[in-house]
Amino acid sequence: MAQWKVEAEEAKERGQDEPNKPVPTSWAARVETAIGKTALAIKGAAQAAKDGASIVYAAPMHSLLAELAERFAAEGVEARVYRGYTSPDPDAPDVMMCLDIPAMQDARDAVRPIPSTVCERKADGQKLYCQFHHRCGMERQRQAKAAVWLVPHALLFQGRPGAIPAPDALVIDEGVTMGALPDKPARMSLDAIQRAPVEPNERAPLFTNAANDLELARSNLLRALRDHHDDGPLQREILIRHGLTATAAAEAYKMEWGRLRDPGISPGMDAKARKACAAIVGHHNQDAKGLAGIWNELRAFLAGHAEESGRLSIRYDEETESRVVERRSLDTVRASWAAPALLLDATLPDASLLEPVVGHRVEVKADITAKWSPHVKVRQILAAPVTARKLGIIGSDEEADPDAAGSPKRVITDLLRLIRLRAALVWPRVVVVIGPMRLVEVLTDAGLPENVETAHFGAVAGIDRWSKAAGLICVGRLQPGPGIVEPLAGIITGTVPHAIPPNPKGGGRWYPRVAGAVRLASGQGVRVERGQHPDSMVEALRWQITEAGLIQAIGRLRALRRGPAAPAFLDIINDVPLPISVDATPAWDEAKPGAWAEMAVEGVLLESAADIMACFPEAAPTRQAAREMSLPTVVVTSIRDISIDVTTSVRRASYKRLGRFPQASAVLLPNAPADLKSWLSDRLGAIEWIKIEDSAPDKEAAPQPAPASAPRWPRCADLAPDLAAAYRLVADVPATAPKPLVPVIPEIIRWRPPPPLRRRPHLRVVALEAAE
């Protein structure tokens, strides 16, 4: 590319034609998250910019670009973020980059270029400006110079703004393919095609047959469309039979664009007059744009060999009661951005999915992965009911018992218990929950602990704020059906892919099940079944949505770089085999905590059913519900198992309520109240005494030397438990530091006698003689 620039400059000086621009070749690398691919790309791009190259760095979202600018600055290179008309102005955050959004929108509605229509234009020998020209953020941006421009992926699918020079190289960080697919089709009825004018605009030559030629092409198109008797993709044989060819479609494409009318809008124009002008030509120009899009897809389809189009189809629209042409066009990197590119992505697809979007050859040069930190423990919980139907995201049986095992309500309850327990065990560190958007909304509405943060699939790429989180729980997966993914593959290839036939029993369509395996850290595998589409292109797209979406989600934990100071856990709750190693694969019925986990929110797990009813009336409104929540004897062991290498302080506590109540026990989690006695008193009434054991050492912690401080000497309750139990302890003042050779430490205790008894209690005084 650099050599071509030199040759083009020399040809210009000699008055010769510019040599043909070489077709670039791009390189791509699949690099696991947290290895440092972005840091290396920034370093390389910064050095290229210092050497005089024009660099454009593209990332998925605007929110990531400001951080990239700071990282370039650390390399000694100025990088500017390109901001659109409706983006906040960084120099004036309370306003947008464009200070006259209605004018911008009028130009867009009229299908006219915004800068020359409403910003600045020369007319009749004088310059016309927008009234906000002198303080416009967009105008400042057009005058700015930068060694590196930072742009969102979406800008690559539009013409390059004049402020950005032609790039010598592109860096495209994270996946770009899925963003090139349209959210919905563009539609145009056959009646609208027939009614559309054919006359060219005022700039056309006086003597031209453009109108007649376009009318003939439209007539051929309409006959061919009406000859498609069934809904479905357009057929090559029918189109050719009615005289349509790639050449004719290319000519019609030019003639449709030649119908665009000038709305007569100028910079600084009165707002009402400007809007009226835009309204006059807006509908006409939008139709011309839509028809040009249809002809462009016809040209590409007829230039190939496919029998059916993957981007053009015809169907009956019940809403308008008419037949319509649906166009699903693939967004591609515009020619004005053409340059060799470096594509970096943790879930990089095959070149066959990249080349149609980038527009030239792509070579995948590297596939780099690394072993995760031993301080991250991974469980993949299998056989969990986390499909969209079982979670209640899509339709379920309304007549089914909502409290039955396996019902959406019960599944959500079990998930909430697991999340709340996980959050309690690592308090106050953060736990991240990622799942389908609707599930995240349901969990949030149900109430999540303060230290739980959430996100949904498809909106996590590039997020780095959870690199120190205590853990991540990934629930379910995105799995669009064949009816969604097959058309997406058709958009990329332009042809109709192989379709999965309907099930002869129910008529539905789903992916055939094939054998897969979850890889264990030991090198073994656990057999699972997974869905796989028989068409390779459709399967590649399905993988990009499902497996790649999961990899992006779990990558937010930055498991590769964890040290002993920030251990973490990862719970993957689905059966999808991923290219990672897991430490354990428990079944859902084994991994989900019992009803006792409802108490984890408060950090106090009680054993007494009566006390549970008093402390957790909403969760245990009945005696039976309280019994179900009673703490099993194995719960401490299971809690320590679930922590899997996350430092957890789980303590035992004993207490007795005032009166003829038996002694009871509890397990205290890290989020337990600092004043347990007050917490119990508020819910149970007066407490006679309470005893909290010291935290047990972590099961995998290294042996620690004995403390050098003096041992804990016995206290009154240890020496005379019957005496202490007969009274309510109001205050317990810690003893002062022991003196040498004094084995018993006196303690000051204030007693409040209980209500009068029928007989005078027998008091036994224990006298201890201090040893010399």
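This is a predicted model: local features need pLDDT of at least 70, side-chain atom pairs count only at pLDDT 80 or more; totals for chains, interfaces and linings use all residues.
Of its 772 residues, 44% count as buried. Contacts were also sorted by distance along the sequence. Among contacts with a separation of 6 or more, 71% join residues 24 or more positions apart.

Helix α11 (residues 271-302) meets helix α4 (residues 101-109). Their axes come within 8 Å and cross at roughly 30 degrees. Angles under 35 degrees count as roughly parallel, so α4 is roughly parallel to α11. On the α4 side, the contact is made by Pro102, Ala103, Asp106, Arg108 and Asp109. On the α11 side, Arg274, Lys275, Ala278, Gly282 and Gln286 take part. By class, the residues of this contact divide into 3 nonpolar, 2 polar and 5 charged.

Helix α8 (residues 210-226) also approaches α11, and here the axes come within 13 Å. The crossing angle is roughly 70 degrees. Angles of 65 to 115 degrees count as roughly perpendicular, so α8 is roughly perpendicular to α11. Helix α8 contributes Ala217, Arg218 and Leu221 to the contact. Helix α11 contributes Leu291, Ile294, Trp295 and Leu298. This contact has 6 nonpolar residues, no polar ones and 1 charged.

Ala288 also belongs to helix α11. Its relative accessible area is 0%, so Ala288 is buried. Residues up to four places away in sequence aside, Ala288 touches Glu256, Arg259 and Leu260. Arg259 is 29 residues from Ala288 along the chain, yet their C-alpha atoms are separated by 6.6 Å.

Aromatic rings were examined next. A pair of aromatic rings is described by the distance of the centres and the angle of the planes. The count comes to 4 aromatic pairs. One of them is formed by Phe616 and Trp679, with 6.1 Å from centre to centre and 50 degrees between the planes. This pair is tilted. Phe616 lies in the loop between α19 (609-615) and α20 (623-629), while Trp679 lies in helix α22 (residues 676-684), so the pair ties together parts that are 63 residues apart in sequence. Phe616 is buried, with a relative accessible area of 8%. Trp679 is buried too, at 7%.

Charged groups also sit over rings. The charged end of Arg542 lies over the ring of Tyr511, at 6.0 Å from the ring centre. The charged end of Arg657 sits over the ring of Phe661, and here the distance to the centre is 4.2 Å.

Strand β24 (residues 651-657) holds Ser654. With 18% relative accessibility, Ser654 counts as buried, because the cut-off for buried is under 20%. Neighbours within four places in sequence aside, Ser654 is in contact with Gln663, Ala664, Ser665, Trp689, Ile690 and Lys691.

Some backbone details complete the description. A cis peptide bond joins Trp427 and Pro428, with omega at about 10 degrees. Pro428 is in the loop between α13 (408-425) and β17.

Positive phi values were found in residues other than glycine. Glu174 has phi near 75 degrees. This residue lies in the loop between β9 (169-173) and β10 (186-189). Glu174 counts as buried, at 11% relative accessibility. Ala383 has phi near 60 degrees, again a positive value in a residue other than glycine. The loop between β16 (376-381) and α13 is the place of Ala383. Ala383 is exposed, with a relative accessible area of 56%.

Technical notes: Residues are numbered from 1 along each chain as its sequence is written. Side-chain values use heavy atoms; hydrogens and water are left out. Axes are lines fitted to C-alpha atoms, for helices over the stretch in contact, and angles run from 0 to 180 degrees between N-to-C directions. Helices (H or I, at least four residues) and strands (E, at least two) are DSSP runs, numbered from the N terminus. Angles under 35 degrees count as roughly parallel, over 145 as roughly antiparallel, 65 to 115 as roughly perpendicular and the rest as oblique. Contact means heavy atoms within 4.5 Å. Ala, Val, Leu, Ile, Met, Phe, Trp, Tyr, Cys and Pro count as nonpolar, Asp, Glu, Lys and Arg as charged, and the others, Gly among them, as polar. Rings of Phe, Tyr and Trp (its six-membered ring) pair if their centres lie within 6.5 Å; planes under 30 degrees apart count as stacked, over 60 as edge-to-face and the rest as tilted. Buried means under 20% relative accessible area, exposed over 50%, partly exposed in between (1.4 Å probe, protein chains only). A charge sits over a ring if NZ of Lys or CZ of Arg is within 6 Å of the ring centre and within 35 degrees of the ring normal.
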